[in-house]
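Good morning, and thank you for coming. Please look at the model on the screen while I speak about its aromatic rings and then about its helices.

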Amino acid sequence: MKLESIQQFRTTLRKFERDVAIGQQRDKRTGGLSVVQTHTVINLGELQETTIGQMATHMGVDKSTLSRTIDGLVKKELVFRIPNPDDRRYQKIGLTEKGQDVCEQLNHVNNDFIREVFSKIPESEHEAVMKYFNIFVKAMREITS
């Protein structure tokens with residue numbers, strides 16, 4: 001790939017990162033949560049009850065980072081912890097009823113957002129956008145893992 005193309009792509013990627021990460025902190029797509037908390041709630045909605053270790057693996061994040069995020073979500077009464085009586089290092093985590101409601105709202109709002117984004121792309125290109133975006137994300141994850 002030519003250097004000019006790489007630099008052009010990096011510029012576009014920075015705009016994307018800025019719009020997604022910074023933009024989400026200011027709008028209804030996060031429901032007043034940080035981006036990391038939002039991702040955690042949505043992932044917990046997918047996994048149901050799990051452990052921090054399993055969740056960290058699923059999300060591709062460090063257990064200690066996730067544990068701090070979970071602490072904040074417990075304080076907001078969105079997540080519960082159930083300690084294992086035999087081993088305090090292992091705890092079940094899951095969404096409270098309030099957390100499930102927030103998760104449903106986040107999914108609804110974000111689905112609407114993606115639907116709106118795709119409405120700006122010709123329908124004939126939707127499959128290609130999804131295919132190549134997935135290929136790009138997979139390649140990035142392979143390099144950064």
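Phe 133 has a relative accessibility of 43%, so it counts as partly exposed; that class lies between buried, under 20% relative accessible area, and exposed, over 50%, with a 1.4 Å probe and protein chains only. This is a predicted model, in which local features need pLDDT of at least 70 and side-chain atom pairs count only at pLDDT 80 or more, while totals for chains, interfaces and linings use all residues. Residues are numbered from 1 along each chain as its sequence is written, and side-chain values use heavy atoms, leaving out hydrogens and water.

Phe 133 forms an aromatic pair with Phe 16, edge-to-face, at 6.0 Å centre to centre and 65° between the planes. Rings of Phe, Tyr and Trp (its six-membered ring) pair if their centres lie within 6.5 Å; planes under 30 degrees apart count as stacked, over 60 as edge-to-face and the rest as tilted. Phe 16 lies in helix α1 and Phe 133 in helix α6, so the pair ties together parts 117 residues apart in sequence. Helices are DSSP runs (H or I, at least four residues), numbered from the N terminus. Phe 16, at 41% relative accessibility, is also partly exposed.

How many aromatic pairs does the structure hold? There are 2. The other joins Phe 9 and Phe 136, edge-to-face, with 5.0 Å between centres and 65° between the planes. Phe 9 belongs to α1 (residues 3-25) and Phe 136 to α6 (residues 126-144), so this pair links parts 127 residues apart in sequence.

Finally, the helices: α3 (residues 52-59) and α4 (residues 63-75) pack at about 110°, with axes 9 Å apart. Axes are lines fitted to C-alpha atoms, for helices over the stretch in contact, and angles run from 0 to 180 degrees between N-to-C directions.

Key
Helix = DSSP H or I, 4+ residues; strand = E, 2+ residues; numbered from the N terminus.
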